Amino acid sequence: MTDVLNRPATTGTGHANFGRLMTGEWTKLRTVRSTVYSFAALIVSVIGFTALFTFLTVQQWSQMNAGDRAQAQLDPVPQILGSGLFLGQLAICVLGVLVATSEYSTGMIRSTLLASPHRLRTLAAKCVVFTIPVLVVGEVLSFASYSIGKAILSSKIHTSLSDPHVTRAVVGEGLYLGVLGLFALAIGQLIRHTAGAITTVIALVLVLVPLAGLLPGSIGKHVSAYLPTNAGQQIMQIFPKDQILTAWQGFGVFALWTAVLLALASWLLVRQDA
Amino acid sequence: MIKADALTKRYGDRLAVDHAQFTVEPGRVTGFLGPNGAGKSTTMRMILGLDRPTHGTVTVNGVRYDRLASPLREVGALLDAKAIHGGRTAYNHLAVLAKANGIPSRRVDEVIDLVGLHDVARKRSRGFSLGMGQRLGIAGALLGDPGLLMFDEPVNGLDPEGIIWIRNLMKALAAEGRAVFVSSHLMSEMALTADHLLVIGRGRILADQPMAQFIAQHSLSYVRVASPQIGELAPRLAAKGWRVEQRPDYSVHVHGASPSQIGDVAGESGLWLHELTLVQSSLEEAFMRLTADSVEYHAGMPGTPGSPAAATVQAEQQQPGQQQQQPVPGWGEPLSNGNPLSNGKAGRR
């Protein structure tokens, strides 16, 4: 053993710059099973639920009343995109939380901070490396689910990418998923506890929305509109109902929520003991 | 290589580390010794930038840890074996650290071979035994071939073979000119490993000196003399100016003389000697004496003999052949000593 120690060091000369931190974070992401499982769950649920919903719509066509039918024919895109996304987005929420909290639950944070003690840079690298695959998969998935939904509905409802705002909505779904992943990562980094963070994110994404819908009057509508995921989903609307926020305004609000949470998480990360 | 300057850490109203001032030099193993809760881990975490000091500074190679350009190339640390994601393989865990610091992949294979994890490198670390986990942590510490190595209680939970392996590793690393900083609460282990001693108690540095000097300064030694003519021998020894302490049996303890001097006195007077033994107190007793007042967490029991001095005297009062265990300051009477709580079985409390 001693003679191995005496061999000249083969450790190179690189510094822990941002590029290398990203490489490290990418290695982290691709060497755990939860990454693959989460993306698999996302793909299966988005495609699956889109196909299911559009198939059921076609099946139920004769039982639907005229008003509903007209609505469906006029504005099919949010239904196509939203049906798959509604539950599928949870897969990204869980992965985003895990990327942050698994460091604390496994104790890996100590190794991470020993290798890269520049905390802001490390968190930034983690965010970039996580968001890129989510965006890529999200966009591909968005176009795929739109195509599948369009194909299934084609006998009753016509829609196409060349229709006004449709391309923006489909591209927007991928962007929405990207920001959602970061949103979940920020909450995970703030709470530092897997179960607590996942519960919080699911509450914000799935529970808060119908609760806010119970608030009365104009105040209720405004609060509802500015909730992070409600605002974010405006980008997938073709004819937004209440027009409190336009498509890009809504997406901007969601991005702002995420940026504020990330800033808070960064500040705490730098200030707190590991 | 490590310089701590008035390093202080306060948690609320509790002072975990109190104005610690010390330097850790290369080329030797520096043992960081203290009872549980003394502040060893907190100090190490502050050196590594995991915790922020309340006051004071600590630098590694002249800069704060988070200013190091390539931290793993300058400092390698094993804080605990559990800073690992169980779902990741050993190889991938090291690959993550290597890539973050621009260390080539072949170095990962090198350190895996170095610590003997070659056969399990592609297995998920969840299934590793404690020893394997420790070795993986050591591999991570050695990854960047650093000049400073820090180990926080590395022998905890290891089997004897593992303990010897780590001890030899640390000595070899120090012999190469690296600085090795190892913390422990096992005094006996430190005595075999460390060249320099840093003792901490209740957050305060109590000693900072070479190992041999520490033992010499803080230990007691005496010569145990047994003779059938002890009644005649003892006054002759006392007449030489040495302190002679009567024992319950036919022996005395002589302080301040060497065995050869006592043998000469006996020989000159034609007296028989049945026992002439130099008893040197160990690092363990020296350490107990020094930190007796600093033990943070006492598991006290009613009617406990308190001080380590009492423990030492009691030890000296043992008849040869009696297997009495010493009461330990703060921990009370061992259960096997006829303690009323004992049910007659010896063993762990």
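A residue is called buried if 20 or more other C-beta atoms lie within 10 Å of its own, exposed if 12 or fewer do, and partly exposed in between, with the C-beta atoms placed from the backbone. By that count helix α5 of chain A is mostly covered, since 23 of its 30 residues are buried. The model is a predicted one, in which local features need pLDDT of at least 70 and side-chain atom pairs count only at pLDDT 80 or more, while totals for chains, interfaces and linings use all residues. Residues are numbered from 1 along each chain as its sequence is written, and chains are lettered from A and ligands numbered from 1 in the order in which they are written.

Helices (H or I, at least four residues) and strands (E, at least two) are DSSP runs, numbered from the N terminus. Helix α5(A) covers residues 77–106 and reaches 42 Å from its first C-alpha to its last, close to the 44 Å expected at 1.5 Å a residue, where the expected span is 1.5 Å times one less than the number of residues. Along the way α5(A) bends by about 45 degrees at A:Phe86, the bend being the angle between axes fitted to the seven residues ending there and the seven starting there. Just after the helix, A:Gly107 takes a positive phi of about 80 degrees.

The two chains touch through 34 residues from chain A and 41 residues from chain B, two residues being in contact if their C-beta atoms, placed from the backbone, lie within 7 Å. On the side of chain A that touches chain B, the elements giving two or more residues are α1 (2–5), α2 (18–30), α5 and α6 (108–115) of chain A.

Chain B comes to twelve helices and 13 strands, and 41% of its 349 residues count as buried. One part of chain B is an open sheet of three strands in the order β2-β1-β4, with antiparallel pairing; two strands pair if DSSP finds at least two bridges between them. Strands β2 (14–24) and β4 (55–60) of chain B stand at the edges, each with a single partner strand, so one side of each is left without a neighbour in the sheet. Five bridges join β1(B), residues 2–11, to β4(B), and B:Thr8 stands opposite B:His55 in β4(B). Helix α1 of chain B (residues 40–47) packs on this sheet, touching β1, β2 and β4 of chain B, and its direction makes about 120 degrees with that of β1(B); here axes are lines fitted to C-alpha atoms, for helices over the stretch in contact, and angles run from 0 to 180 degrees between N-to-C directions.

Strand β4(B) also holds B:Thr59, which is partly exposed, with 15 other C-beta atoms within 10 Å. Leaving aside its neighbours within four places in sequence, B:Thr59 is in contact with B:Lys3 and B:Arg64.

Elsewhere in chain B, strand β3 (residues 29–33) has five of its five residues buried. In a regular strand the side chains alternate between the two faces of the sheet. Both faces of β3(B) are covered, with B:Val29, B:Gly31 and B:Leu33 buried on one side and B:Thr30 and B:Phe32 buried on the other. Strand β3(B) pairs in the parallel sense with β7(B), residues 179–184, over five bridges, and there B:Thr30 stands opposite B:Phe181. With β8(B), residues 196–201, β3(B) pairs in the parallel sense over four bridges, and in β8(B) the bridge partner of B:Gly31 is B:Leu197.
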